[in-house]
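Here are my notes on this model. Please read them with the structure open.

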Amino acid sequence: MGSYVTSNLINNESIKYEGKVSIWSMFPSFLIGLVLLPVFGFGLIFWLSALLKYYTTELAITDKRIIAKFGFIRRRTVELNLEKAESLQVYQGIVGRIFNFGSIIVSGGGNAQAPIPGVSQPMVFRNEFLKIQEDNQLTK
């Protein structure tokens, strides 16, 4: 069974950049899990939840779209054509700046903002997005 991104590529579409969720963005879940571990093992639920989020989130920029997939059983996706993407904002709090993670908010023509939280190296993701978008405009 392949990844969501690779199994949903359209004609002549190729992946140009793959992002990751930062393990640091899940630190609060790990901390709460550690505190609740002695209470009938409830902390394991928080740890499992964080690990599932880490391993089931996919982020990619193709030559045609930005694709983000969240979830294992319940799935949520964000897909936006590069041509329709008007802006990409990066939000990093103090902890995010220290550990290099943050949220990316993609806005497109006629679409509501699509937040992608907990992205590792969000400025690299942003720069790759801008580079790929510029390359696409030059090849037209």
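Which strand holds S107? The points below start there.

1. S107 sits in strand β6, residues 101–108. Strands are DSSP runs of E with at least two residues, helices runs of H or I with at least four, numbered from the N terminus. This is a predicted model: local features need pLDDT of at least 70, side-chain atom pairs count only at pLDDT 80 or more, and totals for chains, interfaces and linings use all residues. Residues are numbered from 1 along each chain as its sequence is written, and side-chain values use heavy atoms, without hydrogens and water.

2. S107 counts as buried because its relative accessibility is 10%. Buried means under 20% relative accessible area, exposed over 50%, partly exposed in between (1.4 Å probe, protein chains only). Leaving aside residues up to four places away in sequence, S107 touches L80, K84, A85, E86, S87, Q89 and Q113. Contact means heavy atoms within 4.5 Å.

3. I23 lies in the loop between β1 (15–19) and α2. With a relative accessible area of 37%, I23 is partly exposed.

4. I23 also belongs to a nonpolar surface patch, whose members include W24, F27, I94 and F99. α2 (27–36) and α4 (94–99) each supply at least two of the patch residues.

5. Overall, the protein has five helices and seven strands. From the N terminus the order is α-β-α-α-β-β-β-β-α-β-β-α. Buried residues make up 36% of the 140 residues. The C-alpha atoms fill a box of roughly 60 × 35 × 25 Å along the principal axes.

Conventions: Patch = residues over 30% accessible without salt bridge, like charges linked within 9 Å, V, L, I, M, F, W, Y side chains within 5 Å. Areas by Shrake-Rupley, 256 points an atom, 1.4 Å probe, with all protein chains shown as cover. Salt bridge = Lys/Arg side-chain N within 4 Å of Asp/Glu carboxyl O.
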